[in-house]
Amino acid sequence: MSQHYDVLIAGAGHAGAQAALLLRQRGFAGTIAIVGDEPDPPYERPPLSKDYFAGEKTFERILIRPIAFWAERHVTLRLGRRIVAVDASARTVTLQDGDAIGYGILIWATGGAARRLTCSGHDLKGVHAVRTRADVDRMIGELPGVTRVAVIGGGYIGLEAAAVLTKFGKQVVLLEAQDRVLARVAGEALSRFYEAEHRAKGVDIRLSTTVACIDGRDGAASAVRLETGEALACDMVIVGIGIIPAVEPLVAAGTAAGNGVIVDAHCRTSLPHVYAIGDCAAHPNPYAGGATIRLESVQNANDQATVVARDITGTPAPYDAVPWFWSNQYDLKLQTVGLSSGFDTAILRGDPATRSFSVAYLRDGRILAFDCVNAVKDYVQGRALVQRGAIVDPARLADAAVPLKLLAAETADA
């Protein structure tokens with residue numbers, strides 16, 4: 001065994017980096033190492049499909065901390081290394097080169113890998129995911145020779161990439177298998193608004209559309225062929241259809257797992273001395289009615305890192321954080337607070353035609369979430385209503401002239 005660390009963190013993304021940072025902030029004096037399978041130090045992933053792809057931020061500007069920070073805090077970075085096996089009884093991990101590392105506590109923060117197409121042509125040159133810096137660097141390198149791009153997937157990644165590509169003057173077709181974009185995460189009003197915005201910018205959005213295969217020429221993608229038989233010529237394909245949690249070594253070690261590694265309210269796995277946090281951790285979430293879910297967000301990564309750092313340093317507190325997300329497309333800033341899944345009522349605040357409005361999501365009369373487009377006040381003031389699961393007068397909620405802070409104050413007094 002080449003080394004032993006008091007805390008070994010698998011994964012150099014937001015969750016892993018934040019866990020190391022918070023342990024030091026909370027006075028943890030033991031040895032800490034982060035093992036990451038990418039060659040780069042911890043960096044922010046959300047800008048990959050936005051500012052970094054658009055060339056508006058350099059890589060140095062999306063680093064979570066400057067590279068010198070980690071050495072100053074006595075956090076060892078072992079980059080370009082991948083953990084392939086975990087022995088929970090011996091408290092060791094094995095790297096892909098056969099090297100073994102011992103640990104006192106293991107924090108599994110590996111996130112996930114981009115879900116790939118399985119049809120023929122999925123591995124052709126010019127077919128890309130948007131998950132790592134290397135993914136985006138490859139796309140940027142190819143862009144000068146690209147005129148037409150097919151984006152597969154109408155979630156946030158696909159829409160953000162389409163927005164950047166349109167700014168670059170590319171011809172973009174976006175293919176979504178469901179009957180609207182953002183179908184998994186938002187109500188119809190928000191979906192139709194974003195469809196209209198993208199179409200107004202020239203994006204050809206095809207809904208209820210299934211891909212059969214990718215056609216190639218000389219080893220590179222040349223067209224996306226649909227189930228209907230239609231072939232859409234393109235020079236680049238971007239696939240944004242979700243991630244697969246990177247949990248195989250922990251599952252092989254015997255941890256309880258489902259859609260990710262199953263953890264309790266303190267982010268503990270079923271294996272002794274092993275935590276899991278971030279995109280790969282399936283946790284009971286109070287804002288999802290207590291259901292066990294995975295959240296792919298910076299908020300979740302950071303807040304679960306806080307839970308683990310508190311647990312390790314002897315001041316445990318369960319995970320109880322209001323979920324929030326954001327997406328930048330063109331000059332539109334979408335901010336979401338809460339989880340809208342399972343809503344039975346959606347109430348529109350404001351007029352989408354003004355490009356500043358919100359959608360409130362309710363179940364059984366209680367507020368679950370808000371989607372706020374260019375409406376920062378609603379986002380900030382709506383948090384208290386989501387946190388309480390407040391019941392408010394639907395007519396007043398629909399009136400954009402009534403500040404949400406007023407509704408929050410009224411429900412607090414009720």
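Two strands count as paired if DSSP finds at least two bridges between them; helices (H or I, at least four residues) and strands (E, at least two) are DSSP runs, numbered from the N terminus. The model is predicted: local features need pLDDT of at least 70, side-chain atom pairs count only at pLDDT 80 or more, and totals for chains, interfaces and linings use all residues. Residues are numbered from 1 along each chain as its sequence is written, and side-chain values use heavy atoms, with hydrogens and water left out.

Select residues 148-152 and 171-175 to begin. These are strands β9 and β10, which run parallel and are joined by five bridges. Within this pair, Ile152 has Leu175 of β10 as its bridge partner.

Next, select helix α4 (residues 156-167), which packs on the sheet and touches β9, β10 and β15. The direction of α4 makes about 170 degrees with that of β10; contact means heavy atoms within 4.5 Å, and axes are lines fitted to C-alpha atoms, for helices over the stretch in contact, with angles running from 0 to 180 degrees between N-to-C directions.

Now display the whole sheet. Five strands in the order β8-β15-β9-β10-β11 form an open sheet with parallel pairing. At its edges, β8 (127-129) and β11 (204-206) each pair on one side only. From one strand to the next, the twist averages 20 degrees.

Finally, move to the other sheet, an open one of four strands in the order β17-β18-β20-β21, with mixed pairing. Edge strands β17 (257-258) and β21 (292-293) each have a single partner strand, so one side of each lacks a neighbour in the sheet. Select Val261, which stands opposite Ala281 in β20.
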